[in-house]
Amino acid sequence: MALDFPLTLGEGDFERVGAADGVSWWASGAPLLAREPGVGWARDPFVDLPGETATSPVADTTIRVSAPEALVVLMTGDQAEPSSPQDGRRTWTSVEPVARDVSVAVGEFTTASATTTDGIEVTTGVLPGADVPARELTAWTLAAIDQLEERFGPFPYATLTVPLLPVEGGGIEYPSSILLAGADRLVLFHEVAHMRFYGMVGDSQFRDPWLDEAFASSAESVASPVSGDAAARALRTPGGVGTAMDGFDSASDYFRLVYGKGGAALLAAREAAGAVAFNAALRCYADANAWTIATPDDVAAALADLPAALDVLSEAGALDE
């Protein structure tokens, strides 16, 4: 079956599809196979919040992009060298065997590549006049991968591409690729953490947004430790961490509960259970649910031998009593 469709790229604020001087990008631009195995088709309503609502299984995916020969393509997957120019264009191809979605950025990128000690190939790209050079952005990315591996285990993809876009707005994660809108090292760290939590361990982002955003937010503590006072304040935020996307009154409520309180709850659970035991349990959770769509029950099962951690997460409204 083939499906042809047009995609119009807007300009202005950072969105999943867009364009600016010298660059265009599109992600979540193709129709997704929004069917959860064992559950059925996702029929979640759209919400007026700046968050994800997808539920997508992984798929063996090949991407081919034809672009003017002067431009560089950075995208999801292990990229081959582009084809030789023909009629002023080159074709770029990549393969990712476990992609829930894809992202593509095309522009006048200067790139820098390096490989981690475990063989993960990292490629970053920056445009003329960028706030950081590509080699520095690559160093940031390598450091994030190494630091997160110490807590969560091996990085789940063979490659990672990070195009830096000339707009501000944070970042959005995609399998083995990150659209980075602004040279912010902590945002990059958060998005690298998402390679495990949503990329590797999927979830219904409408039903259980905390399963990826709270996990990625708590992972930021690896690079930027959170004070006890700050965590305690976040835990006092009214409302349940496990709220679905249609249960928030505003975007600020969504961020405070899912990112703030959710991240703090995971850190408090880690402290209550003991860092070594909690880290081991999360690694088991990730391994047991790799490339599937996980649920809060899967988290509870992984923490079954750590009742102190379960108590913290239950009190925060992330898990059932």
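Arg256 and Asp253 lie three residues apart in helix H5 and are therefore separated by about one helical turn; helices here are DSSP runs of H or I with at least four residues, numbered from the N terminus. Their side chains meet in a salt bridge at 2.4 Å, N to O. A salt bridge is a side-chain nitrogen of Lys or Arg within 4 Å of a carboxyl oxygen of Asp or Glu.

This is a predicted model, in which local features need pLDDT of at least 70 and side-chain atom pairs count only at pLDDT 80 or more, while totals for chains, interfaces and linings use all residues. Residues are numbered from 1 along each chain as its sequence is written, and side-chain values use heavy atoms, with hydrogens and water left out.

By this rule, the count comes to five salt bridges, including those tabulated here.

| Salt bridge | N to O distance |
|---|---|
| Arg256 and Asp253 | 2.4 Å |
| Asp208 and Arg207 | 2.8 Å |
| Glu15 and Arg16 | 3.6 Å |

Asp208 is buried, with a relative accessible area of 6%, whereas Arg207 is partly exposed at 32%. Buried means under 20% relative accessible area, exposed over 50%, and partly exposed in between (1.4 Å probe, protein chains only). Arg256, at 43%, and Asp253, at 22%, both count as partly exposed. Elsewhere, salt bridges that share partners join Glu15, Arg16 and Glu52 into one network.

Technical notes:
Helix = DSSP H or I, 4+ residues; strand = E, 2+ residues; numbered from the N terminus.
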